[in-house]
Amino acid sequence: MRDEWQTEAVRRVEADPDAIHLLFPQAERRGGPGARRALLGALHGHHAVIRKLYEAGDSGERLAILTVLHELDSEGTAVGLVEDALRTNDARLVAAALGSYGSAWLDDHSFRQGVLKCVFMSIPLASVTGLERRFDAELARMLSDYAAELRAAGRPVPRDVLERI
């Protein structure tokens, strides 16, 4: 039954990309855990539809989009969605924003701020895709400054921060 729903839903989105707005919210319940990914894949680069879907979505729907964004956009046109996720206080969205897509397309300043936000939110730095590749002197300085603030306040410095400064 779930496979049938997913197959029909994908067919409808391929025929009319705007159909995803009706199908996406019910996809996980009716089509199972992979249905959202399948529906997004059926959009074939309709970036405006993806943006609207993200903007109208709840946290779970936004998370699904962020998780597969690297498969949907090879040109960096959706980096604004990642920047939006970094402005939230939802740890799942912040972590997803620093996945493959965010690591590839965020500018240096935004990437560094995202890493620092991960530290503030106790999101393990191991979850940041490309951290070793993008780690630079400015990020090291920012983390060192934050570690100094924690020490001054008598608070512990996270181990993954200590390992990088």
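1. Start with the largest pocket, which holds about 150 Å³ of space. A pocket here is an open set of points on a 1 Å grid over the protein atoms alone, where a 1.4 Å probe fits, with protein on both sides within 12 Å along at least five of seven lines. Grid points are joined across faces, edges and corners, and the volume is the space filled by probe spheres set on the points. Bear in mind that this is a predicted model: local features need pLDDT of at least 70, side-chain atom pairs count only at pLDDT 80 or more, and totals for chains, interfaces and linings use all residues. Residues are numbered from 1 along each chain as its sequence is written, and side-chain values use heavy atoms, with hydrogens and water left out.

2. Who lines that pocket? The lining residues, meaning those with an atom within 4 Å of a point, are Glu28, Pro33, Gly34, Arg36, Arg37, Leu40, Gly60, Leu63, Ala64, Thr67 and Val68. Two elements, α3 and α5, each give two or more residues to this lining. The biggest contributor is α5, with 5 residues. For the labels, helices are DSSP runs of H or I with at least four residues, numbered from the N terminus.

3. Since α5 came up, have a look at it on its own. This helix covers residues 59-72, 14 residues in total, and reaches 19 Å from its first C-alpha to its last. That is close to the 20 Å expected at 1.5 Å a residue, where the expected span is 1.5 Å times one less than the number of residues. There is a bend of about 35 degrees at Leu66, taken as the angle between axes fitted to the seven residues ending there and the seven starting there.

4. Which residues of α5 are buried? They are Glu61, Arg62, Ala64, Ile65, Leu66, Val68, Leu69 and Leu72. Buried means under 20% relative accessible area, exposed means over 50%, and partly exposed is in between (1.4 Å probe, protein chains only). The cover over these buried residues includes α2 (20-31), α3 (35-41), α4 (47-56), α6 (79-86), α7 (91-97) and α8 (100-105).

5. Leu86 in helix α6 is buried, with a relative accessible area of 11%. Contact means heavy atoms within 4.5 Å. Leaving aside neighbours within four places in sequence, Leu86 is in contact with Val94, Ala97, Leu98, Leu106, Ser110, Gly114 and Lys117. Leu86 and Ala97 are 11 residues apart in sequence, and their C-alpha atoms are 6.4 Å apart in space.

6. Not counting residues up to four places away in sequence, Ser110 touches Glu83 and Leu86.

7. Helix α9 (residues 108-120) also holds Arg112. Is Arg112 buried or exposed? It is buried, because its relative accessible area is 15%. Its side chain makes a polar contact of 2.6 Å with the side chain of Asp136. A polar contact is a pair of N or O atoms within 3.5 Å; within protein, one must be able to donate a hydrogen and the other to accept it, and residues adjacent in sequence count only if both atoms are side-chain atoms. Beyond neighbours within four places in sequence, Arg112 is in contact with Asp136, Glu138, Leu139 and Met142.

8. Ser100, in helix α8, counts as partly exposed at 37% relative accessibility. Residues up to four places away in sequence aside, it touches His70 and Thr129.

9. Ala48 lies in helix α4 and is exposed, with a relative accessible area of 53%. Ala48 and Ala78 are 30 residues apart in sequence and 9.1 Å apart in space, C-alpha to C-alpha.

10. Finally, two backbone angles to check. Most residues other than glycine have a negative phi. His44 has a positive phi near 50 degrees; His44 sits in the loop between α3 and α4 and is exposed at 61% relative accessibility. Ser122 has a positive phi near 60 degrees. Ser122 is in the loop between α9 and α10 (131-134), and counts as exposed at 64% relative accessibility.
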